[in-house]
Amino acid sequence: MTTDTINDASPRPASTPSRTRSTIFYLQIVAFVLGLALLVYVVNHVGLQAIIAALAQIGFGFVFLLAITGSRHALRTVSMRTAFAPEHRRFTFWQAFMARLGGEAVTFLTFTGPVLGEATKAALLRRRRVPLASGVQALLIDNLLYNLSVAIFILSGACVMLVSYRLPAPVRYTLLTIAFVSTLALAGVALALSRRMMPATRVVDALIKLGIKRRTLRHRRKHVSHLESNVYNFYRQRRGAFFVLVACDLLTHMSSVFEVYLTLRMLGFRPALNAPYVIESLTKVINFCFSFVPATIGVYEGGTELILRNLGFVAATGVTLALVRKAGTVFWTGLGILILMWRAVPEALRRILQRHPHLRKTMDNLVLSNIAHRPARTFVSVLGVAVGVLLVVFTVGLAHGVLRERGRREASVNAEIMLRGAGTLGMSGAQPFALDVERAAELRQIEGVRSAVAIGQNTVGTDSGFGLRVIDGIPYEQYAELAALRIVEGRPLQGGDEAIVDAIWRDDRKAKVGDTVQLYDRPFRIVGIYEPPGGGRIKIPLETMQEQVGAAGRATTIFVACKNPADAEAVAARINERFPDDQLIFTRDLPELYATTALPALNIFISVIVGVAASISLLVILLAMYTTVTERTRQIGVLKSLGMSSTTIAWIIEQEALLVSVLGVLLGLVLTYAARFAVMRTTSLSVDIEPRWVLVSLLIGLLGGTIGALYPALRAARQDAVKALSYE
C-alpha cells in the first residue's frame, strides 16, 4: 500500500470540521459583540446629544447621499458586467445591478465578508444561464482590479496625510506602516504579473502534498490553473474592457470622496480637498482589516472618529459621518435583502410544496384561490379594513399620546403635588384663577414643604389660528428655583410682553431670541430659551397674565415640592387638613389622569371613531363578498350540483371574509406604525400605540368582516343549483 493511499484512507475525526466551524462562528460572534460594545463606548464618549444635533443638520440632504451611494453601486455594476465575456453576457444591466445588491447585502451582514457575497452574485447570475466558471472568472477579475485600485488609493491617501498634516508620532508611524504594506502588496502584484506566477495553483499543489483534501484538489487543480491563466490573458485579449474596469474603479473612489466632502459640508464645515481624500482612503483600511465584523459595527465608527480627530475635527463629526454613511449602506443593503427574498422565496416555497403535498392541498383550497383570482379587489378590500384600523389605533394613540405628553411635561417641574381651586376639573389651561397667590406663602409653612410656587395657566390660539396652546404665567425667580430652570440662550423674564420658550419649541419653529410670538392677539418678544422643558412650552410673567385675564393677585395652580419626595402622601394629608376645599393632585398621576379623565368629550369622540371604523369594515366586506357571490353564481351552482352543502358554501364565503379582515388588520397596524413614525419624526407630537386598542381594532375587523359577509354567504347558500348553472 502506497503512502498516498494510506494518507487518503487515514481516519479523521468526523466532528473536526463542524467543531472548527463552531469555533469560528463563536469567535465572530465575540467580534460582533465587542464591536457593538465599542460603538456604545464611542457614542457615550462623544455624547448622544452632540451626535443627534449633527445628524439633524443632514436632514433631507440624506437623499442626495443615498443617490451617491447608488451611483457607486451602478459604477461597480458596469465594471462587473464588462468583465464578462460578450458571449456570456446574457443579462441586462438591471439584472446585474440586482445581483450586486444581493451579494453586497450578504457581504455586509454576514461573518464571511466578501467570500460568500461574491458567491451569491455568481449564483444569482447563474440563473440567467451564465456558466458558473465564466461568472467566477469575471467576478475574480473585477475584484482583483478593484482591490488593486484600493491599494493604490490607500497608499496615496497615507502619503497625502503624511505630507499635509502635523501628526503625533504614533499616528505617523501607523501611516508609514500602512504605506509600506500597500507598497509591498503592489510590488507583489507587479512581480506576479511580470513572471506570470500562479499563486492559487501553487497553494493547491502545496495542500495536495500535505494530504489535505487530496482527491478533491487534484480534481480541481486543472480548473484553478485554467482560471488563473484566463486572468493573466484578460489584458491582452480584452484591452478595451480592461480600461473600462479601471475607469469605473477610479470613478467609484471619486464618488466616495465626494460623498465625504458633501457630508462635511452639510455638517457646516468647509474642508480642504485633501481632507475627504485622506478620510476615505483610511476608512478603506478599516473596512479591509475588520471585514470579518458584521457591518463593521463599532470599529468603523470608532476608526472614523479617530481619523477625523487627528485631522482637526471634533469627535462628534467623525461619528456622525460614519453613521450617515453606514445608514446609506443599510438602505441599499435592505434593497439587497428584498432582492434575495424575491429570488429565493418562490423557489423555497416550490421545494417545500413538493416535499409536503398537504401544503399544496391547502394552497389549492377554494378560499385562497378565490382571493388570488381577483387580486385588485382583494387588495382594495384589505385596504378598506386597514383604514378602519388606522382610524381607531392611530387616532386614539395620537389623542392619548398628546395628553400623556402634556401630563409628563407638567409632572417634570420638580414638584410632587399640584394644588387647584375647589371644584376644578379637566386639564390645566382651562382652570379659573381661583387661588390666592399668597396661599403659596402659607403652604411653605407646612411641615415637609420645601417650596410652593403659584402660577397661572391659560390657553390661547396658535399662530395658524387652528388649535390651542397652553402658556404658563410664572414668577420667574421662584419658578426657576423650583423647576431647576436655566436660560441657555438670551436672558430671563423681567416683565411686560416678554416670553421665554423651551428648546424644542424653538427647534420646531426655527425661532431665535428676538423673534415674536402672537399671544392674546398681540406680539410677545422672545427674550430667552430655557431648559429643561416642563409645563407649557411658552412662559410669560405671571403679572402680565393676571392683567390680561383680570385676575390680579390670583393663580390657577400652586406647585408644591416636598423636602423628602417619599413623604409626599404625608405632606398632602397635612395640606388637605389645612385647605380641605382645594383639589390635590400628585404630579406623578398627571400623564394617566390627562389621558383617561381630563377630557370627558374625548371618550365620546373615540366611540364615534370606533363606530365609523366598524361601519367601514362592514360595508367594505359586504360589498366585496356580495360582488364575489354574484360573479361566482355559476361556480356555486357547480359546487351544489356536485353535492356541496349550503352550510359549507356559506362557510367558504365567511372564511374568505375573515381572511381578508385579518390581512386588513395587519396592514392597518403597519400603516399605523408608519404614520406614527412620520408624525413623531416631523413634529413634536407624541403617538402612543396601546395594546388594548390594537385588540379592539382586531375585534372590529373580525366582527365587521363576519357580519358584512353574513348576507352574501346566506345568499350564496340559498341559491338554486339549476338556476345558478344557467346564470349568465
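The model is predicted, and local features are reported at pLDDT of at least 70, side-chain atom pairs only at pLDDT 80 or more, and totals for chains, interfaces and linings over all residues. Residues are numbered from 1 along each chain as its sequence is written, and side-chain values use heavy atoms, with hydrogens and water left out. The pLDDT, the predictor's confidence in each residue on a scale from 0 to 100, has a mean of 75 for the protein, and 73% of the residues reach 70 or more. Residues 1-17 have pLDDT below 50, and this stretch makes eight contacts in the model beyond near neighbours in sequence, a contact being heavy atoms within 4.5 Å.

Nonpolar cores were defined as sets of buried Ala, Val, Leu, Ile, Met, Phe, Trp, Tyr and Cys residues joined through side-chain atoms within 4.5 Å. Buried denotes under 20% relative accessible area, exposed over 50%, and partly exposed the range in between, for a 1.4 Å probe and protein chains only. The largest core holds 28 residues, of which Met161, Leu175, Ile279, Leu282, Ile307, Leu308 and Leu311 touch the most other members. Two or more residues each are given to this core by helix 7 (132-164), helix 8 (169-195), helix 11 (239-266), helix 12 (274-289) and helix 13 (299-310). Helix 7 supplies the largest share, eight residues. Helices (H or I, at least four residues) and strands (E, at least two) are DSSP runs numbered from the N terminus. Neighbours within four places in sequence aside, isoleucine 307 contacts Ile279, Leu282, Thr283 and Ile286. A second, separate core of 20 residues includes Tyr476, Tyr479, Leu485 and Tyr530.

Serine 256 is placed in helix 11 and is buried, with a relative accessible area of 2%. With neighbours within four places in sequence excluded, the contacts of serine 256 are Arg72, Glu280, Lys284 and Arg325.

Strand 11 (residues 557-562) has six of its six residues buried, and is therefore largely enclosed by the rest of the structure. Side chains in a regular strand alternate between the two faces of the sheet. In strand 11, Thr557, Phe559 and Ala561 point one way, whereas Ile558, Val560 and Cys562 point the other way. Strand 1 (residues 417-420) runs antiparallel to strand 11 and is joined to it by four bridges; pairing requires that DSSP find at least two bridges between two strands. Within this pair, arginine 420 stands opposite threonine 557. Serine 451, in strand 3 (residues 449-461), is buried at 12% relative accessible area. Apart from neighbours within four places in sequence, serine 451 is in contact with Leu482, Phe559, Val560 and Ala561.

Two loop residues were examined for backbone geometry. The peptide bond from glutamate 531 to proline 532 is cis, with omega near -5°, and proline 532 is found in the loop between strand 8 (522-531) and strand 9 (538-541). Alanine 484, in the loop between helix 19 (476-483) and strand 5 (486-490), has phi near 55°, a positive value in a residue other than glycine. Alanine 484 is partly exposed, at 44% relative accessibility.

Cysteine 159 is partly exposed at 35% relative accessibility, whereas cysteine 248 is buried, with a relative accessible area of 7%.
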